[in-house]
Amino acid sequence: MNVLLVYAHPEPTSLNGSIRDFTVQRLQAAGHTVQVSDLYAMSWKTTVDAEDAPERDPRQPFHASLDSKRAYAQGTQSADIAREQQKLLWADALILQFPLWWFTMPAILKGWVDRVYAYGFGYGVGEHSDSRWGERYGEGKMKGKRAMLMVTTGGWESHYAPRGINGSMDDLLFPIQHGILYYPGFEVVPPFVVYRTSRMDAARFAQTCDELGRRLDELWSTRPIAYRQQNAGDYEIPALTLKDDVAPGEEGFAAHLR
Ligand code: FAD
């Protein structure tokens with residue numbers, strides 16, 4: 001299988017750097033082919049702007065969605081964006097690896113998503129009409145591929161428990177797992193999270209690698225998170241609210257789980 005690891009940490013000798021190296025070795029040893037997009041090493045451009053569509057008409061106002069749509073359709077996107085899209089199309093599985101910074105991904109990784117998920121590629125895929133709101137949430141260009149997050153935190157596991165002060169990790173990761181990965185069609189397997197990283201030492205690192213190794217071995221057999229598909233009958237069209245008889249009385253992120 002082909003695995004794309006998108007890695008967002010500025011320091012190769014960090015804990016994240018060690019976890020990345022272990023991941024690549026483990027996957028390769030199992031016979032998989034791995035490409036790493038090391039965003040800091042690539043000096044990834046984070047901001048969406050007119051440079052992303054170099055052949056656009058400079059007399060017209062820049063429009064992030066419409067210029068993205070035109071450049072993607074015409075094959076005139078900035079080369080760094082097109083390269084990352086090719087890697088995604090090549091991959092059978094995507095891993096996003098990052099330290100939790102202010103309860104989400106570092107800005108450089110968000111900027112990868114903002115730019116690589118072009119209109120027509122990451123969103124705006126399929127028929128959009130009153131009876132159908134495109135191919136997304138379970139459908140889309142990434143359908144048939146798998147995705148997993150690998151996240152490290154300073155906070156303790158209990159801080160991210162369902163009643164923990166930070167909010168539950170499932171809730172914090174929902175916009176990434178559901179909004180960024182499930183949206184364009186990935187099947188998302190549960191995240192691998194390393195908590196309280198300041199307490200890492202050689203023994204715990206070995207144990208962490210054992211657990212991560214098992215998760216990587218099972219990447220293709222792990223049951224994905226059971227998000228509800230947009231176009232499978234659970235949602236009213238075109239309001240896209242859950243039907244009254246689906247998860248009655250439930251609201252919030254968890255209601256979108258089957
Ligand atoms: P490092 O700092 O590189 O290492 C952590 C520990 O692991 C160190 O003690 C190091 O010696 C040890 N270590 C490294 N490699 C190995 C190895 N191979 N074997 C054994 N031990 C090793 N945390 C939260 O919980 N929530 C937040 O919202 C949050 N926001 C943040 C925002 C910012 C801007 C920053 C800078 C930090 C934030 N943090 C937050 C903390 C952050 O998530 C952690 O610092 C980060 O996850 C640790 O990962 P690292 O790779 O940087 O670890």
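Me: How many bridges join E6 to strand E7, residues 187-188?
Reply: This is a predicted model. In it, 2 bridges join E6 to E7, and the two strands run parallel.

Me: Which residue in E7 is the bridge partner of Ala147?
Reply: Val188 is the partner of Ala147.

Me: And how many bridges join E6 to strand E8, residues 192-194?
Reply: There are 3 bridges between E6 and E8, which also run parallel.

Me: Is E6 buried or exposed?
Reply: Buried: 7 of the 7 residues of E6 (residues 146-152) are, so the strand is largely enclosed by the rest of the structure.

Me: Which side chains point which way from E6?
Reply: Arg146, Met148, Met150 and Thr152 point one way, while Ala147, Leu149 and Val151 point the other way. In a regular strand, side chains alternate between the two faces of the sheet.

Me: Switching to helices. At what angle do the axes of H1 and H6 cross?
Reply: Roughly 45°, with the axes of H1 (residues 15-29) and H6 (residues 202-217) coming within 10 Å. That angle makes H1 oblique to H6. The crossing is right-handed.

Me: Which residues meet there?
Reply: On H1 they include Phe22 and Arg26, and on H6 they include Phe205 and Asp217. By class, the contact has 8 nonpolar, 3 polar and 3 charged residues.

Note on methods:
Residues numbered from 1 in each chain as written. Predicted model: local features only at pLDDT ≥ 70, side-chain atom pairs only at ≥ 80, totals over all residues. Heavy atoms only, no water. Axes fitted to C-alpha atoms, helices over the stretch in contact; angles between N-to-C directions. Helix = DSSP H or I, 4+ residues; strand = E, 2+ residues; numbered from the N terminus. Parallel < 35°, antiparallel > 145°, perpendicular 65-115°, else oblique. Left-handed = near helix turned anticlockwise from the far one by under 90°. Contact = heavy atoms within 4.5 Å. Nonpolar A, V, L, I, M, F, W, Y, C, P; charged D, E, K, R; others polar. Buried < 20%, exposed > 50% of the residue type's maximum accessible area, 1.4 Å probe, protein only. Pairing = 2+ DSSP bridges.
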